[in-house]
Amino acid sequence: MTDNDVCSPSSALPPALHPLCLYWVPNPFVANQDTQCLYCGKLDEVKRPEITGDTGSTSELVECISQCGAKFCHVPCRDAAIAQGHTQLCVGSVSADHPLHEIKMLALEAGEAEYAMIMLAMAVVMDGDEKILIDIIETCSTNPDLDDIAQTRFDYIAQTTHALLIEITGQVEAPLLIDWSNLLHHVNNKCMPVPVKSNYAIECERLAGNSSNPEQYDYLLDIAETSSLIALTDEADHYFPSVASFCLLKETPMHSCIPLNRIECDNMLDMRYTQIISGDDSNNFKPLTCSRIDNDADLEDRAYALEEKGIECHCVRCRFEQHPEECICTMEELESLMALARLQMRYDDASDIVDAILKLNPRDGAGLLMQSRIAGWKGDFSKRE
């Protein structure tokens, strides 16, 4: 891995600029992260101005002046990132044995969850706002009970990164090891993956049902490498997947594996809570719930990720996936499970759910209709795979 492979996340948005997010870092473990702007978070912003009519678009992403590997959708974003702290974490001008380079390599080698934990904690410290750091440390929740292996691994990461942090900031400026460990735990507990929608997917959805611009359709079909216009507009996110950036939110919502809400953003400057099932007015009176982990994961992977955050989940989805034939659920709960399974294209799970619905009411019209549709969904999805 070269210096240019080490992307350089920073406190991309000063806390005062965003109502939801304190800090965010891109996810370097996904294939298309190289097309995400480090400052505003836009994904796949490169477009053809002669087709889209967007004269602000660029033919290629703008790279960091120091060539650290960070990319920006245009020069103003690059300049804003530099003005707001990018240079504090930029490795473009440092050698491979510099502690800043070493801490990033350690984070990358540790894995996704550890990378988010280390780099977001680094963003907090390097931002230099003592009030934010003190507030976070003082409000740290109880650290999760880790098994011996996990605790040994965490202690190694905390001690190694703290030693490097002292080299970077100096003994006086660096937090104490106990405070750094608490900060790492806090960030790990509170950070969330937030999907940023591809600009191409946004274009597909905007053009759906509008045949007035065939050149634009041809352009998007060519990029998606498909000839099916219907598939492109119906499943734009399949061809142009979102990228889940790691965010440390100001206030963390309650976790649920079958959440009522999610955070959506077309870019990191436009982050908002939305209902997963739109049009259900009853959800307006229920507490805000989001998934604090990758909610597309299976039961075992979700349980492991939640354990690392010190969260025990006994939601209806976890109970149902453990024992689908024995779990006692209400019709409302099953319908919510079905809506989420369809949204995530988990069609095998949807089959189990509709069986449970029909077990409650064999003549349920919606259940019978859903049963007939599932085979079609699975067929369509397997063709696109």
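**Figure 1. Salt bridges of the predicted model.** Seven salt bridges are counted in this predicted model, a salt bridge being a side-chain nitrogen of Lys or Arg within 4 Å of a carboxyl oxygen of Asp or Glu. Side chains of opposite charge can pair when their charged atoms come close. Residues are numbered from 1 along each chain as its sequence is written. Local features need pLDDT of at least 70, side-chain atom pairs count only at pLDDT 80 or more, totals for chains, interfaces and linings use all residues, and side-chain values use heavy atoms, with hydrogens and water left out.

**Figure 2. The pair R78 and D79.** A salt bridge links the side chains of R78 and D79, with an N to O distance of 3.7 Å. R78 is buried at 17% relative accessible area, whereas D79 is partly exposed at 39%. Buried means under 20% relative accessible area, exposed means over 50%, and partly exposed lies in between (1.4 Å probe, protein chains only).

Figure 3. E264 meets R262 in a salt bridge of 3.0 Å, N to O. Both partners are partly exposed, E264 at 23% and R262 at 29%. D266 forms a salt bridge with R272, their closest N and O atoms being 3.7 Å apart. Through shared partners, salt bridges join D266, D270 and R272 into one network.

**Figure 4. The largest nonpolar core.** This core holds 54 residues, among which F72, I118, M122 and L183 touch the most other members. A nonpolar core is a set of buried Ala, Val, Leu, Ile, Met, Phe, Trp, Tyr and Cys residues joined through side-chain atoms within 4.5 Å. The elements that each supply at least two residues include β1 (21-25), α5 (112-127), α7 (148-169) and β5 (243-249). The greatest contribution, 12 residues, comes from α5. Helices (H or I, at least four residues) and strands (E, at least two) are DSSP runs, numbered from the N terminus.

**Figure 5. Two residues with positive phi.** Most residues other than glycine have a negative phi. Q67, which is not a glycine, has a positive phi of about 60 degrees and lies in the loop between β2 (62-63) and β3 (71-72). The phi of E225 is also positive, near 60 degrees. E225 is placed in the loop between α10 (214-224) and α11 (229-234) and is exposed, with a relative accessible area of 75%.
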